[in-house]
Amino acid sequence: MMKTITLLNEKGGTGKTTLSTHIAAGLALLGKRVVIIDGDPQGNTTSILGLEKSGHFYDFAVRNGSWQNVLEMVHPDVYSPPGEKPRGQLFCLAGNSETRNIANSISDQDVFRLRFSQLRDAVDYIIIDTSPTPSLLHAAICIATDFVLIPTELEAFSAFDGLTESILHTGNVRAQAAKNGVRAAQVAGIIPTMYRQRTVAHTLVLEDLVEQYGDHVWKPLNQFITYAESALAKQLIYGYDNDSP
C-alpha cells in the first residue's frame, strides 16, 4: 500500500531537504518505486537530484498536469553506490519559484489527496519536501499525507521554535480533516539533526526533547562533514561514501 511521508518544520536549516532526498533515494535503493515532490520554492531538492528547476509542481497542482508529463526520473548515478544499480526507481516532481503561488491558485485543499491516489497502484512511497514558511500549501499537503517527520536542530533557544508550531499546525489540520471524514497526517517522528554528542548544549537539548515528546524522538543524526562533501560532489551520501555511518 502506498504511503505518503512529508518532511516538515516551519523553521529553516533543520535538514528537511537532506533527509527527504536521502529517504527517497534510500527507499529506491531498497527496491521501492518512489516519487519525491519538491514543495519548497527554492527548488533545492530538484537541484540536489541533478535536475533542472521547473514549474512541474505548479503545473501538476494548478493546471492539473498529468503525472506522465510532470514526473522526471532521477538518474541512478546521482544516488547509487559506485558499480551498483538501484533495485527500485526514483522520480521527482520538480519545483521552482512558482511553487509559492500554488496555495493562492488552488480552490480545493483536497486536491493533493485526490491526485496522489492516482498513483496508489504504481508507486510505493511519495516523499514531500516542504518550505520553512508556513502557508496554506502545508495544510493541503498534510491532508494528503500519512506521516509527518519533523527534523529539528539541537541549538539552544531554537530547537523548539519550528517544532512546536509544526506539531500544532499538523494537529489542527488533522482535526479539521477528521470533521470531513478524512484521515490526515500524524507525526511519526521527531528527528534531531546535526547532533554533536560531545557538547553539553546538544545533550541537554536532546534530553529536553525526549522529556517533552518521549518515543516520538528518534535517534539523533550526528553531524558529519560527509554531508557537505557529498553536496559539493553533487551526489547523495550513498554514492559519495556508502560506508559513512
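**Group meeting talk: cysteines, sheet and core**

Hi everyone, let me open with the cysteines: counting a disulfide as a pair of cysteine sulfur atoms within 2.5 Å, the total comes to zero disulfides. Cys92 is in no disulfide, and the nearest cysteine sulfur, that of Cys142, is 19 Å away. Seen from the other end, the sulfur of Cys142 is too far from that of Cys92 for a bond.

Before going on, a word on where this comes from. This is a predicted model, where local features need pLDDT of at least 70 and side-chain atom pairs count only at pLDDT 80 or more, while totals for chains, interfaces and linings use all residues. Residues are numbered from 1 along each chain as its sequence is written, and side-chain values use heavy atoms, with hydrogens and water left out.

Are those two cysteines buried or exposed? I use buried for under 20% relative accessible area, exposed for over 50%, and partly exposed in between, with a 1.4 Å probe and protein chains only. Cys92 is buried at a relative accessible area of 0%, and Cys142 is buried at 4%.

Now the sheet. Helices (H or I, at least four residues) and strands (E, at least two) are DSSP runs, numbered from the N terminus, and two strands pair if DSSP finds at least two bridges between them. With that, there is an open sheet of seven strands in the order β3-β4-β2-β5-β1-β6-β7, with mixed pairing. β3 (71–73) and β7 stand at the edges, each with a single partner strand, so one side of each has no neighbour in the sheet. On average, neighbouring strands are turned by 25° against each other, direction ignored. For angles, axes are lines fitted to C-alpha atoms, for helices over the stretch in contact, and values run from 0 to 180 degrees between N-to-C directions.

Let me walk through some pairings. Strand β1 (residues 3–7) runs parallel to β6, joined by three bridges, and Leu7 stands opposite Leu149 in β6. On to strand β7 (residues 186–192): six bridges join it to β6, again in parallel, and Pro151 has Ile191 in β7 as its bridge partner. Five of the six residues of β6 (residues 147–152) are buried, so this strand is largely enclosed by the rest of the structure.

Back to α6, which is mostly covered, with seven of its eight residues buried. Among the buried ones are Leu137, His138 and Cys142. Which residue caps its N-terminal end? That is Ser135, with a side-chain oxygen 3.1 Å from the backbone nitrogen of Leu137.

Ser131 is buried, with a relative accessible area of 8%. A polar atom of the Ser131 side chain lies 3.3 Å from the backbone oxygen of Thr133. Leaving aside neighbours within four places in sequence, Ser131 is in contact with Asn9, Lys16, Gly39, Asp40, Pro41 and His138.

Next, the core. A nonpolar core is a set of buried Ala, Val, Leu, Ile, Met, Phe, Trp, Tyr and Cys residues joined through side-chain atoms within 4.5 Å. The largest one has 25 residues, and those with the most contacts inside it are Phe60, Phe112, Phe116 and Ile126. Elements giving two or more residues to this core include α3 (56–62), α5 (111–116) and β5 (125–130), and the largest share, four residues, comes from α3. Not counting residues up to four places away in sequence, Phe116 touches Met2, Thr4, Ile37, Phe60, Trp67, Ile126, Ile128 and Ala144.

Most residues other than glycine have a negative phi. Asn64 has a positive phi of about 60° although it is not a glycine; Asn64 lies in the loop between α3 and α4 and is exposed at 55% relative accessibility. Lys234 has a positive phi too, near 55°. Lys234 is in the loop between α9 (225–232) and α10 (237–240), exposed at 70%.

Thanks, and happy to take questions!

Methods. Contact = heavy atoms within 4.5 Å. Polar contact = N/O pair within 3.5 Å; in protein donor to acceptor, adjacent residues only side chain to side chain.
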